[in-house]
Amino acid sequence: MKNFLFINLGLLFNVLFFIGCGTVPKLHQTSSNYNEIIKEKNDVLVIIDTCLYIDEVGDASDNFNVHNSVFINNSISTAIKSKFSDNTLNIKEIITPTMCGYFPVDSLNIKLKVDKDSPIVYSHLPYNLDKNIEIEYKEKLLRLMKNSYINVSNTRLVEFSLDSNLKDDLEYIKDKAKVNKILIITNQGNYISTGKRISQGLGTFVMTLGVATAWNNSLFNSYVSLIDIDKEEIIWKSAVAFRNNSFLEDNFIKEHYKKTILDEIVQKDKK
């Protein structure tokens with residue numbers, strides 16, 4: 001029964017990359033221009049959540065991977081601190097409350113690998129990364145992350161839906177974190193291990209005489225929004241997709257992700 005549940009969850013996770021809210025849309029951005037952003041007070045809370053799935057040789061070893069998700073979170077945190085050291089955005093705090101916290105539904109009986117050398121265990125998503133964040137605060141952060149993810153990842157233009165609960169959440173977060181803006185970064189990763197790529201490559205060579213296919217490439221999607229709490233709206237959003245096997249390398253965030261996403265946050269509109 002556990003294997004059945006895991007296989008279906010793995011299938012769901014992969015489907016999210018190709019259809020519906022898992023694709024990277026052509027965005028209709030609603031963004032303030034550079035001059036408007038920098039002249040405002042910009043005390044910012046950054047929320048990062050990475051949901052990384054490792055596709056190993058043999059389904060038994062596939063897993064949702066905590067330590068590599070944390071590695072990506074830390075790399076992005078370092079890049080953000082460097083990028084905004086000029087205080088264009090005053091980064092008050094960077095938090096990583098959960099892994100897969102923005103996921104549309106909670107998931108039970110999934111295979112999870114916490115540390116590099118730890119065994120794979122059955123667990124659930126979201127996985128709690130920061131046990132110091134109080135439950136009420138975390139629930140509000142998760143609700144906001146899910147709303148942001150749905151808005152940014154949807155292939156159609158979706159308004160940032162503010163029901164009474166979400167408005168209350170924004171006010172709560174504003175008071176708790178002492179900020180007026182929230183930068184939300186939610187990432188999906190489906191990493192094909194070296195062994196799996198080699199086995200797929202051999203199969204591809206036999207079946208197609210060596211013509212490469214996209215199935216040998218890992219996938220990394222990132223959905224980012226900058227929310228103005230006082231205006232109760234997303235003032236900037238973007239998404240990017242990487243189809244390669246390098247996003248777990250040390251220089252990926254600094255050399256590729258930063259230029260593609262972070263450098264765009266407060267630059268002038270391109271007319």
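**Exercises on a predicted chain**

K178 sits in the loop between α5 and β8 (181–192). Helices (H or I, at least four residues) and strands (E, at least two) are DSSP runs, numbered from the N terminus. The model is predicted: local features need pLDDT of at least 70 and side-chain atom pairs count only at pLDDT 80 or more, whereas totals for chains, interfaces and linings use all residues. Residues are numbered from 1 along each chain as its sequence is written, and side-chain values use heavy atoms, with hydrogens and water left out.

**Exercise 1.** Identify the cysteines joined by a disulfide and describe their setting.

*Solution.* A disulfide is a pair of cysteine sulfur atoms within 2.5 Å. By this rule there is 1 disulfide, and it joins C51 to C100 with an S to S distance of 2.0 Å. C51 belongs to strand β1 (residues 43–55) and C100 to the loop between β4 (98–99) and β5 (107–113), so the pair ties together parts 49 residues apart in sequence. The torsion about the S-S bond of C51 and C100 is about 90°, so the disulfide is right-handed. Both cysteines, C51 and C100, are buried; for C100 the relative accessible area is 1%. C100, a residue other than glycine, also has a positive phi, near 65°.

**Exercise 2.** Describe how helices α4 and α5 cross.

*Solution.* Axes are lines fitted to C-alpha atoms, for helices over the stretch in contact, and angles run from 0 to 180 degrees between N-to-C directions. The axes of α4 (residues 135–153) and α5 (residues 164–177) come within 10 Å and cross at roughly 125°. Angles under 35 degrees count as roughly parallel, over 145 as roughly antiparallel, 65 to 115 as roughly perpendicular and the rest as oblique; therefore α4 is oblique to α5. Contact (heavy atoms within 4.5 Å) involves residues including Y137, L141 and L144 of α4 and L166, L170 and I173 of α5.

Conventions: Buried means under 20% relative accessible area, exposed over 50%, partly exposed in between (1.4 Å probe, protein chains only).
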